[in-house]
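Dear colleague,

Please find below the structure for your review. My findings follow directly after it.

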Amino acid sequence: MPLNLSMNNLTTILILGLAISFFIYKKKKMNENAISVESLRSKLKTEQNIGVLDVRTTNEYNGPKGHIPGSLSIPLSDISDHLDEIKSKKFDQLYVVCLSGARSASASSILNKNGINAQNVKGGMMAWNRMK
């Protein structure tokens, strides 16, 4: 029995396929150059001159999900305006966190392109809070 697909059905299938491909690509990019919360917790206990940058909004940073003690709070929308401030901290390594890891992946990319050694925290504060 031959398939009888209309142009609308083919277009829908094509768009759905592209959306799924894009999601998989973004997920892979998000975890590239990423550190697990377990590894970050260990580094925070044993290493010096590392920093944590939280790129969530101020309300999120101060909200019920909390934040990593000692972290800097600079929302993703303001990152470009604070590059000199971040560079002045002279961290050997900067770990970037948000709620789930998506915004921090974007921020890490911006920071790395501007000469700041930044690494995304996989899973963000949701993963951090599950480790408590």
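In which sense do strand S4 and strand S5 pair, and over how many bridges? Strand S4 (residues 93-97) and strand S5 (residues 118-121) pair in the parallel sense, over three bridges. Leu-94 has Ala-118 in S5 as its bridge partner. Please bear in mind throughout that this is a predicted model.

The sheet. S4 and S5 belong to an open sheet of five strands, in the order S1-S5-S4-S2-S3 and with parallel pairing. Strand S1 (34-35) and strand S3 (72-73) stand at the edges; each has a single partner strand, so one side of each is left without a neighbour in the sheet.

Helix H5. Residues 102-113 form helix H5, which lies across strand S2 (50-54), S4 and S5 and runs at about 175° to S5. At 1.5 Å a residue, its twelve residues should span 16 Å, and the end C-alpha atoms of H5 are 17 Å apart, which agrees. Buried residues of H5 are Ser-104, Ala-105, Ala-107, Ser-108 and Leu-111. These cover an arc of only 165° around the axis, which puts them on the same side of H5. As a general point, an α-helix has 3.6 residues a turn, so residues three or four places apart point the same way. After H5 comes Gly-115, with a positive phi near 80°.

Ser-104. This residue of helix H5 has a relative accessible area of 0%; because the cut-off for burial is under 20%, Ser-104 counts as buried. Leaving aside neighbours within four places in sequence, Ser-104 is in contact with Val-55, Val-96, Val-97, Cys-98, Asn-120 and Val-121.

In soluble globular proteins, nonpolar side chains tend to be buried together. Here the largest nonpolar core has 14 residues, and those with the most contacts inside it are Leu-53, Val-55, Ile-79, Ile-86, Leu-94, Val-96 and Leu-111. Helix H4 (83-88), S4 and H5 each supply at least two residues of this core. Which residues does Ile-79 touch, not counting those up to four places away in sequence? Ile-79 touches Leu-53, Val-55, Ile-74, Ile-86, Ala-107, Ile-110 and Leu-111. A second, separate core has twelve residues, among them Ile-35, Val-37, Ile-50 and Ala-127.

With kind regards

Conventions:
Residues are numbered from 1 along each chain as its sequence is written. This is a predicted model: local features need pLDDT of at least 70, side-chain atom pairs count only at pLDDT 80 or more; totals for chains, interfaces and linings use all residues. Side-chain values use heavy atoms; hydrogens and water are left out. Two strands pair if DSSP finds at least two bridges between them. Helices (H or I, at least four residues) and strands (E, at least two) are DSSP runs, numbered from the N terminus. Contact means heavy atoms within 4.5 Å. Axes are lines fitted to C-alpha atoms, for helices over the stretch in contact, and angles run from 0 to 180 degrees between N-to-C directions. A nonpolar core is a set of buried Ala, Val, Leu, Ile, Met, Phe, Trp, Tyr and Cys residues joined through side-chain atoms within 4.5 Å. Buried means under 20% relative accessible area, exposed over 50%, partly exposed in between (1.4 Å probe, protein chains only). The expected span of a helix is 1.5 Å times one less than its number of residues. The arc is that of the directions from the helix axis to the C-beta atoms.
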